[in-house]
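Here is a friendly note to read beside the model. Please keep the viewer open and look up each residue as it comes along.

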Amino acid sequence: MTMRLKSWPWRLLLGGFAGLVLVTLLLLLADLAGVPRALVNGFFLVLSIIGYAVIGMFCRTTIPEEYFVAGRRISAPLNGMATAADWISAASFLGLTGLLLSDGLVGDGQHPGGLAYLLGWTGGFCLLGFLFAAKLNVSQAVTIPEFLGRRFNSVAVRWLAAWGAILCSSIYLVAQIYGIGLVASMLSGLTFELGVFLALGGVLLCSFLGGMRAVTWTQGVQCVVIVVSMVVLGMAVSFKTQGHPFVTVAAAQSLPQIEARAQQIEVDPAEQSTREVIRLRMSHLDAKIADPVYAREVERQMVMRQVAKAKTENAPLREIQRLEANPAWRESTVDRLVGAWQSEREVLAQAISRPVGFQAPNLEGWNQGWFNSLALVFCLMLGTAALPHVLVRSYTTATPADAQRSVVWALFIIVVVYLCASSLAVLLKSFVLTELVGAHLDQLPDWADRLKLRKLALLSIQDHNQDGIVQFADIRLFNDYLVLGVPEITHISSVFTGLLAAGALAAALSTADGLLLTISNALAQDLYFQTADPHAPPLRRVMLSKILLMVVALLAAWFATNRPVSILFWVTCAFSLAASTFFPVMLLGIYWRGMTRIGAVAAMVSGLAVSLYYIASNHAWVQMHFHLHAADTLWWGLDSVCSGVFGVPVGLCVGVLVSRFVRDSN
C-alpha cells in the first residue's frame with residue numbers, strides 16, 4: 001500500500017520532529033544567553049510530562065474497544081512508531097551506550113558484550129513479524145492470556161498465562177520506573193524518590209484516562225522524541241569530533257585510532273602494575289570470604305587503630321569517614337560483610353577483564369564468552385517475540401498485513417536508534433582513552449571532575465597502584481545512565497543533556513505505559529472478570545482496569561525506590577522469563593494442532609519454573625544466604641540472565657511429550 005505524505009501518521013512524525021528541533025534551538029540560544037543549566041533541563045522535564053498528560057486527557061475514553069485495543073484501527077506506520085517506543089526501554093536507551101563502552105562488542109571472554117544485545121533485541125522483531133503478529137491480529141482477542149485461553153478453550157491456561165504476564169511485566173516495569181526516577185531526579189534536582197512519583201504522574205494521566213488509545217498516540221510522540229534526541233545528539237558529537245554530522249561514519253573513522261591507543265595501554269607497564277595490584281587484592285578478598293569471622297575481627301582491629309590514630313593526629317573528617325566506611329567496621333552481620341566483599345571482588349574482576357578497545361579478546365577457539373553471547377542472543381530474540389506488552393500491539397491494527405507491516409516500521413526505527421547509540425559508544429571511548437587514561441589525578445579533564453561530583457555519579461577513579469596517574473583499570477563507568485554524561489564528555493552544549501534526558505524519559509515512560517496496561521488488563525480481564533463476574537457490563541470492566549492500573553503503578557514505584565539492582569539485569573531477566581513462559585506455548589499452540597490443554601499448562605509451568613529457579617539460585621542474596629557458590633549453581637557457566645536457554649527447550653519438550661501421552665479430560 002502506498003503511503004501518502006499527507007496522511008496523519010506522517011504529519012505526527014514531521015510535526016513532532018519540527019517542534020522538538022525548534023524547542024532545542026530556542027534552548028540553545030537560551031544557554032548561550034546564560035540561562036542556568038538547571039532551568040533549561042527542568043524545562044525539558046516539565047514540557048515532556050505536560051505534553052504526554054495533555055495527550056492522555058484529550059484521548060480519554062470509557063469505551064472498551066477504544067480503551068483496550070485503540071479501536072483496532074491504528075495504521076501500520078503509527079503502530080510501528082508506538083511499538084518502537086514501547087520497545088525502546090530505559091535499559092536500551094540509557095544502558096546500551098555505556099555497555100558497549102565498558103564491555104566492547106564481544107565481551108571479555110567470560111561474559112557477553114554489547115553485540116549480543118543488539119543482535120538479540122533487533123532479531124526478535126523478525127521472529128515476531130514472521131510467527132505471531134498476523135495470527136494475533138486475526139484472533140480479535142484483547143490480551144495474550146485471552147488469546148491462549150480461546151485457543152485451548154481452557155480457563156486454567158488463561159489463568160496461568162495471566163500470572164506469567166503479570167510476573168514478566170512487573171519485573172520489567174520496576175526497571176522502567178527506576179530509569180524514570182534517575183532521569184527525573186537528574187533533570188529536576190529533586191530526590192530520586194520524588195523524581196519517580198513526579199514522572200509517574202504523567203504515566204498515570206495518560207494510561208488511566210485513555211488506555212490503549214491514549215497510549216498509542218502518546219507513544220507515537222514519544223517515538224519522535226526518542227529518535228530525534230538520539231540522532232541529533234549523535235550528529236552534534238560527530239560534528240564536534242570529526243567535523244561532519246554522520247555519526248556512523250565518524251565512529252568508523254575513530255576506530256583505528258582507538259585500537260592503536262588500546263594496544264599502547266595493554267602493554268603499558270603502569271597498566272600491568274595496576275592489574276597486578278588488583279589481582280593481589282582479589283586474592284585477599286578470596287581469603288576473607290573463605291574465613292569471614294576471623295577476617296572480620298582482624299580487619300576491625302586494624303580499622304580501630306587507624307581511626308584512633310587519625311583522630312589523634314586531627315586528620316581531616318573525610319579521611320576518618322573513609323576509614324569508617326570499611327565494610328568490616330560498618331556491617332553488623334557476617335553475611336552482609338561477605339556480600340560486600342563479593343561485590344567488591346566482582347567490580348575488581350571486571351576492571352581487569354574488560355576489553356580496552358573494541359577488538360575481540362585474543363582467545364583461541366570457543367570460550368565461555370562466546371557461549372554466553374549466543375545464549376543471550378537466543379533469550380533476547382525469543383523474549384522479544386514473546387513479551388506480552390509488545391505482542392498486544394498486534395491487536396490494534398485493522399488487518400493482519402498491517403500488523404506485520406507495523407513490525408517492519410518498528411524494526412527500522414529501532415535500528416536507527418541503536419546505530420546512533422553504538423556509534424556514540426565508539427566516540428566516547430576515544431575521549432576516555434585519550435583524555436582520561438594517563439592523566440594525573442590532580443589534573444583530570446574538567447568533564448571527569450564533573451561526572452565524579454554529580455549527585456548520581458557517572459564515574460569513579462581509584463588509584464590502585466598509588467602512582468598518581470589514571471590507568472584504564474582504575475576507571476569505573478556506571479553503565480546504567482552513562483549516556484546522560486555524553487554532552488559533558490564531548491564538550492557540547494548542556495542543552496543536549498536535557499534533550500537526551502527527554503529521550504530517555506520518553507523511552508521509560510512509553511514502556512511503562514504499555515506494561516501498566518498489560519498488568520492491569522491481566523488482573524481485571526483475565527483473572528477477576530473471567531471467574532468472578534464474567535457477564536460484567538463494559539463500563540465496569542474499564543473502570544476496574546483503571547483502578548488496578550493505578551494500584552500497580554504505585555506498588556511498582558514504591559518497589560523501585562529501593563533501587564534493587566541494575567536496570568539491565570532486571571530487563572534481561574524479564575526477557576528470559578517471557579521467552580520460557582510464552583514462546584513454547586504460543587509456537588506450539590499456533591502451528592501444531594496436536595497441542596492440548598494439559599500440554600499448554602505443562603509447557604508454561606515447566607518453562608517458567610526452570611527459568612525462575614535458575615535466576616533465583618544464582619542471585620547474590622540467595623547464594624549468600626544459603627552459602628552457595630556460582631560454580632555449583634551455574635549450568636555450563638552460563639550467566640543467570642540467560643535462563644531462557646534452559647526454560648524454552650524444557651517448555652517445548654514438556655509441551656510436546658505431555659500432549660502426546662496425556663489426553664485432555666472432558
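Is Ile49 buried or exposed? Ile49 counts as buried, because its relative accessibility is 12%; buried means under 20% relative accessible area, exposed over 50%, and partly exposed in between, with a 1.4 Å probe and protein chains only.

1. **Before you start.** This is a predicted model, in which local features need pLDDT of at least 70 and side-chain atom pairs count only at pLDDT 80 or more, while totals for chains, interfaces and linings use all residues. Residues are numbered from 1 along each chain as its sequence is written, and side-chain values use heavy atoms, with hydrogens and water left out.

2. **More on Ile49.** You will find Ile49 in helix H2, residues 37–58. Helices here are DSSP runs (H or I, at least four residues), numbered from the N terminus. Leu505 is 456 residues away from Ile49 along the chain, yet their C-alpha atoms are separated by 9.0 Å.

3. **The cores.** A nonpolar core is a set of buried Ala, Val, Leu, Ile, Met, Phe, Trp, Tyr and Cys residues joined through side-chain atoms within 4.5 Å. The largest one has 187 residues, and Trp87, Leu148 and Met586 have the most contacts inside it. Helix H21 (residues 495–531) gives this core its largest share, 19 residues. Another core, of eleven residues, lies apart from it and includes Ile278, Trp341, Ile352 and Ala473.

4. **Leu148 up close.** Contact means heavy atoms within 4.5 Å. Not counting residues up to four places away in sequence, Leu148 touches Val157, Ala161, Phe582, Val585, Met586 and Met604.

5. Next, have a look at helix H4, residues 76–87, with twelve residues. From its first C-alpha to its last, H4 reaches 16 Å, close to the 16 Å expected at 1.5 Å a residue; the expected span is 1.5 Å times one less than the number of residues.

6. **Aromatic pairs.** A pair of aromatic rings is described by the distance of the centres and the angle of the planes. Rings of Phe, Tyr and Trp (its six-membered ring) pair if their centres lie within 6.5 Å; planes under 30 degrees apart count as stacked, over 60 as edge-to-face and the rest as tilted. A search of the whole structure finds 14 such pairs. In one of them, the ring centres of Phe132 and Phe583 are 5.8 Å apart and the planes are at 70 degrees, so the pair is edge-to-face. Because Phe132 lies in helix H6 (residues 114–139) and Phe583 in helix H23 (residues 567–591), the pair ties together parts that are 451 residues apart in sequence. Phe132 counts as buried at 0% relative accessibility, and Phe583 counts as buried at 6%.

7. Trp87, Tyr117, Trp121, Phe125, Tyr172, Tyr418 and Phe575 form one aromatic cluster. Thr384, in helix H16 (residues 368–384), is in contact with Trp87, Gly120, Trp121, Gly124, Phe125, Val390 and Phe575, leaving aside neighbours within four places in sequence. At 0% relative accessibility, Thr384 counts as buried.

8. **Charges over rings.** A charge sits over a ring if NZ of Lys or CZ of Arg is within 6 Å of the ring centre and within 35 degrees of the ring normal. Arg151 lies over the face of Phe152, 4.6 Å from the ring centre. Likewise, Arg354 lies over the face of Phe472, at 4.5 Å.

9. **Positive phi.** Most residues other than glycine have a negative phi. Ala70 has a positive phi near 55 degrees and is found in the loop between helix H3 (64–69) and H4. Asn153 also has a positive phi, of about 50 degrees, and lies in the loop between helix H7 (144–152) and helix H8 (155–188). Which of them is buried and which exposed? Ala70 is buried, with a relative accessible area of 3%, whereas Asn153 counts as exposed at 64% relative accessibility.

10. **Distances in sequence and space.** Leu209, in helix H9 (residues 192–242), is 149 residues from Arg60 in sequence and 4.7 Å from it in space, C-alpha to C-alpha. For Tyr294 and Gly123, the corresponding separations are 171 residues and 51 Å.

Note on methods: Helix = DSSP H or I, 4+ residues; strand = E, 2+ residues; numbered from the N terminus.
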